Amino acid sequence: MVKKYELGLLILRVMLGITFLIHGIAKFQMGLGNVAGWFESIGILGFLGSVVAFIELLGGIALILGIGTRLVSALIAIVMIGAIFTVKLSAGFMGAETAGYELDVALLAMAVVLLINGSQLLSLDSKFFGSAEGTN
């Protein structure tokens, strides 16, 4: 019998995965050189743009499939903290002329919930490794 919290974690995992998969695809479509240039323009090492793009793309896929949910969620949480403090904080929570950090905080919260709890329902981790990844 599937417990309600397991279904909730599945929904969080898949939606967070889809969100970051799409953001990762967008960065690759922009070109990693352009992403690196933008990172440098805001005072961040350019190569971190590629790191973020790979975390978003591959992490999104991993979350959708349920592979390494806790590890990927930790990486996404780090990315979101970085985005909030380096780019979004000055715009305010809701933003005015540009988007604020309200979405970033929501995505960070989703990642932290998955980091704490894991997500075993319909995950490849549970299929191949049992319940070790998402032990509650």
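This is a predicted model: local features need pLDDT of at least 70, side-chain atom pairs count only at pLDDT 80 or more; totals for chains, interfaces and linings use all residues.
# A guided tour from salt bridges to surface

Begin by selecting Lys27 and Glu56, which form a salt bridge whose closest N and O atoms are 2.9 Å apart; the term denotes a side-chain nitrogen of Lys or Arg within 4 Å of a carboxyl oxygen of Asp or Glu. Lys27 belongs to helix α1 and Glu56 to helix α3, so the pair ties together parts that are 29 residues apart in sequence. Helices (H or I, at least four residues) and strands (E, at least two) are DSSP runs, numbered from the N terminus.

Residues are numbered from 1 along each chain as its sequence is written, and side-chain values use heavy atoms, with hydrogens and water left out.

**The salt bridges**

Colour the first pair by accessibility. Lys27 counts as buried at 17% relative accessibility, and Glu56 is buried at 5%. Here buried means under 20% relative accessible area, exposed over 50%, and partly exposed in between (1.4 Å probe, protein chains only).

How many salt bridges does a search of the whole structure find? The search finds two. For the other pair, select Asp104 and Lys88, where the closest N and O atoms are 3.1 Å apart. Asp104 lies in helix α5 and Lys88 in helix α4, so this pair ties together parts that are 16 residues apart in sequence. Asp104 is buried, with a relative accessible area of 7%, whereas Lys88 is partly exposed at 21%.

**The nonpolar core**

Next, display Leu16, Phe20, Ile76, Met80 and Leu107. Of the 22 residues in the largest nonpolar core, these five touch the most other members. Such a core is a set of buried Ala, Val, Leu, Ile, Met, Phe, Trp, Tyr and Cys residues joined through side-chain atoms within 4.5 Å. Helices α1 (4-30), α2 (32-41), α3, α4 and α5 each supply at least two residues of this core, and α4 gives the most, with six. In soluble globular proteins, nonpolar side chains tend to be buried together.

Centre the view on Leu107 and show its surroundings. Leaving aside neighbours within four places in sequence, Leu107 is in contact (heavy atoms within 4.5 Å) with Leu16, Thr19, Phe20 and Met80.

Move along helix α5 (residues 102-117) to Leu114. Is Leu114 buried or exposed? Leu114 is buried, with a relative accessible area of 0%. Residues up to four places away in sequence aside, Leu114 touches Leu9, Leu12, Arg13, Leu16, Thr69, Arg70, Ser73 and Ser119.

From that list, select Ser73, in helix α4. The C-alpha atoms of Leu114 and Ser73 are separated by 6.2 Å, although the two residues are 41 apart along the chain. Ser73 is likewise buried, with a relative accessible area of 0%. Its contacts, again not counting residues up to four places away in sequence, are Leu63, Ala111, Leu114 and Leu115.

**The nonpolar surface patch**

Which helices each supply at least two residues of the patch? They are α3 (47-65) and α6 (124-129), and α3 provides the largest share, four residues. Ile67 sits in the loop between α3 and α4 (69-88) and counts as partly exposed at 37% relative accessibility.

Leu122 is exposed, with a relative accessible area of 66%. Its phi is near 55°, a positive value in a residue other than glycine. Most residues other than glycine have a negative phi.

End at Ala96, in the loop between α4 and α5. Ala96 is exposed, with a relative accessible area of 78%. Draw a C-alpha to C-alpha distance from Ala96 to Val72: the two residues are 24 apart in sequence and 31 Å apart in space.
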